[in-house]
Amino acid sequence: RVALDVTSRRVETLVELVEAITTLQDLEAKPLQIGEVLPSELLKTACQMAAQRAVGNDIVLNCDCPPDTPAFPGDYTRLTQALHQLLDNACKFSHEGSEVLVTAQARSEDQTMCISVVDHGIGIPHQEHGRIFERFYQVDGGLTRRYGGTGLGLALAKEIVEAHGGTVVVESEVG
């Protein structure tokens, strides 16, 4: 049974790696398919995609998007991938029984959409904030072994958001 579990986790990691590399190549080779994105649908879909990780880690996953939040231009599929990566990461590193919250808010002052993912996880040291979005970078080899992953999820999210002219910001502290 242990060997089967280890094999299963390694296969999942390989699948994640192939999917992430394929998506990164597509971002470079194919133009975004810009359409109208409804924030409530984007959050709902990304939360559904992250639900398995949330349930498996005993995480409560909540979405908050006012019903009158306006649509914005973007590639729905790519933005869903980016948000899923952020939610999956938040669920992976959060403490059992905690909450991960994703919100969407239109900001009229600068005509932007702000989507936030808030978790109560292990935290990221301040000196690592600038590096966590680099391809294949992981904060700690020890955490990598404990939590798994490929080191591409946050890089993928950042590249998708930047391809839309947006930015990704992290606010975190250890603990």
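1. One disulfide turns up in a search of the whole structure, which is a predicted model. The bond joins Cys47 to Cys63, with an S to S distance of 2.3 Å. Its two ends come from distant parts of the chain: Cys47 sits in helix α2 (residues 39-56) and Cys63 in strand β2, 16 residues apart.

2. Cys47 is buried, at 10% relative accessibility. Cys63 is partly exposed, at 39%.

3. Cys91 takes part in no disulfide. The nearest cysteine sulfur belongs to Cys47 and lies 8.3 Å away. That distance exceeds the 2.5 Å cut-off, so the pair does not count as a disulfide. Cys91 is buried, with 0% relative accessibility.

4. Cys114 is partly exposed, and its relative accessible area is 23%.

5. Cys65 lies in the loop between β2 (60-64) and β3 (72-74). With a relative accessible area of 19%, Cys65 counts as buried because the class requires under 20%. Leaving aside residues up to four places away in sequence, Cys65 contacts Pro39, Ser40, Leu43 and Ala104. For Leu43, 22 residues from Cys65 along the chain, the C-alpha separation is 7.8 Å.

6. Ser94 belongs to the loop between α3 (76-93) and β4 (99-107). Ser94 is buried, at 9% relative accessible area. Its side chain comes to 2.6 Å from the backbone oxygen of Ala90. Beyond four places in sequence, Ser94 touches Ile59, Val100, Asp119, His120 and Gly121.

Terms used
Residues are numbered from 1 along each chain as its sequence is written. This is a predicted model: local features need pLDDT of at least 70, side-chain atom pairs count only at pLDDT 80 or more; totals for chains, interfaces and linings use all residues. Side-chain values use heavy atoms; hydrogens and water are left out. Helices (H or I, at least four residues) and strands (E, at least two) are DSSP runs, numbered from the N terminus. Buried means under 20% relative accessible area, exposed over 50%, partly exposed in between (1.4 Å probe, protein chains only). Contact means heavy atoms within 4.5 Å. A polar contact is a pair of N or O atoms within 3.5 Å; within protein, one must be able to donate a hydrogen and the other to accept it, and residues adjacent in sequence count only if both atoms are side-chain atoms.
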